[in-house]
Amino acid sequence: MKVKGMRWWVLGLIVLVTIINYLDRNTLGIMWAKIVEDLGLIKRDGLTDVEFNDLSKKLFRDINLVFMVAYGLSQMFSGKLYDKIGTRRGFTISALVWGISDLLTSFAAGVKSIGFFRAGLGLGVAGPWPGAVKSNAEWFPQKERAMAQGFFNAGASIGAILAPILIALIYAAVGWKWTFVIIGILAPLWVIPWLIVNKKGPKEHPWISGKERDYIVNGQPECRVKNDKGLSWGQLLSRRKSYAVILGRFFLDPIWWMFVTWLPIYLGQKYGMDIKQLAAHMWIPYVGAMLGSLAGGWVSSRLIHIGRSVGFARKAAILIGAAILLPSLIYVAFVQDPMVAVSVMAVILFGYQFTINNIQTLPGDMYTGKSIGSLAGLGGAAATLGTILTMVFIPMLTAGDNWTPFFIMGASLVPLSLICVFAFGGKIEHDALKEENN
């Protein structure tokens, strides 16, 4: 049996599990106010609403710091793991770990148990990021990789769009405990079609046509490299251009996490939104993120298609996205109307995904197969470290429900990321892929 467009079937399953990934991530944040109340995590005695909100933010931050530490460690080691055992088994392990962890959150009785289960979630949900970069490098010719990465990142945005709606509906029907169970079981169920469809890589897969196999392999300049043993972390860290990914993501990724982690808290505390109102507003910014993922991938791939170099295509797309992202972050800091705020946030996340999509593609442009996941993992770990450092200060920056410094901090990170990408990236060309392993 031959399947037309086999690479797109594999990518489609990765997009699907990425949607599930973001449903699992968002369960706690969207239902946080109700969980705090039901479990009595904070006592209201003698506290004003503002004081209660500040304590709630600090507690939410502390639990998310546990999540982020686990996430960062997993990003780093998942990249190595996926390089060693392959994407088929790597995605399977990740999905089982995060799905079961989210499901078990239904048994949480206090801060410690919530933190424990969120740590398990962090260990699992991090894997697909280096995994997707590696899978796209395996299954797609170089000129299509940014587009494939764009579809992957769009999956995260779709998950973030669906999360407040689905979680609100399930919560309204069965309560927060069963919501964790229902959302948590989705990732383990996904493993079944994944193992059936993703039997082998494109060179050996029994369902792929010879025409598609040749199209993929002939479009992968790294396939000309022989005896690729991969590079160690030390070797990757010793090479200047690796820091375009590592430091570029260290500064830029916290912007995404500012929204993913804090958007429901921001809308709830600044505008008094409950779970139903969050469902009506939270999806809007992520529509922009989804479109930015697809547009960033399309622009980069199109530039390569018309004959521009890989380096020019990636860097041009990164600059276009940043030019949209930076002024929008500054503007939203002073917006007071909730509908205007979420609309501008859609523009912010459009620019962010336009840019990050192309930074995430760089490991596959710079190195060969057995090093791609490792560098993507190091970039993800650096991104998590940057996120943790910014997250520590957010309750202080937003004290008294003043969120303007929150957005100004995000705006300051954009030029720092660009400087690192352009200062360390150097010339990103096909030949560089061969030179790294000669």
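Which residues form a nonpolar patch on the surface, and how much accessible area do they have together?

**View 1. Nonpolar patch on the surface of the predicted model.** The patch is formed by Leu162, Ile165, Leu166, Leu169 and Trp283, which together have about 390 Å² of accessible area. Helix 6, spanning residues 142-184, makes the largest contribution to the patch, with 4 residues. Leu166 is located in helix 6.

View 2. The volume of the second largest pocket is about 550 Å³. At least two lining residues come from each of helix 1 (6-39), helix 2 (49-85), helix 10 (242-271) and helix 11 (275-281). Helix 1 gives the most to this lining, namely 7 residues. Divided by class, the lining of the second largest pocket contains 12 nonpolar, 6 polar and 6 charged residues.

**View 3. Gln269 in helix 10.** Gln269 has a relative accessibility of 14% and is therefore counted as buried, the cut-off being under 20%. Between the C-alpha atoms of Gln269 and Leu236 the distance is 43 Å, while the two residues are separated by 33 residues in sequence.

Conventions. Residues numbered from 1 in each chain as written. Predicted model: local features only at pLDDT ≥ 70, side-chain atom pairs only at ≥ 80, totals over all residues. Heavy atoms only, no water. 1 Å grid on protein atoms, 1.4 Å probe; cavity = no way out; pocket = protein on both sides within 12 Å on 5 of 7 lines; lining within 4 Å. Points joined across faces, edges and corners; volume = space filled by probe spheres on them. Nonpolar A, V, L, I, M, F, W, Y, C, P; charged D, E, K, R; others polar. Patch = residues over 30% accessible without salt bridge, like charges linked within 9 Å, V, L, I, M, F, W, Y side chains within 5 Å. Areas by Shrake-Rupley, 256 points an atom, 1.4 Å probe, with all protein chains shown as cover. Salt bridge = Lys/Arg side-chain N within 4 Å of Asp/Glu carboxyl O. Buried < 20%, exposed > 50% of the residue type's maximum accessible area, 1.4 Å probe, protein only.
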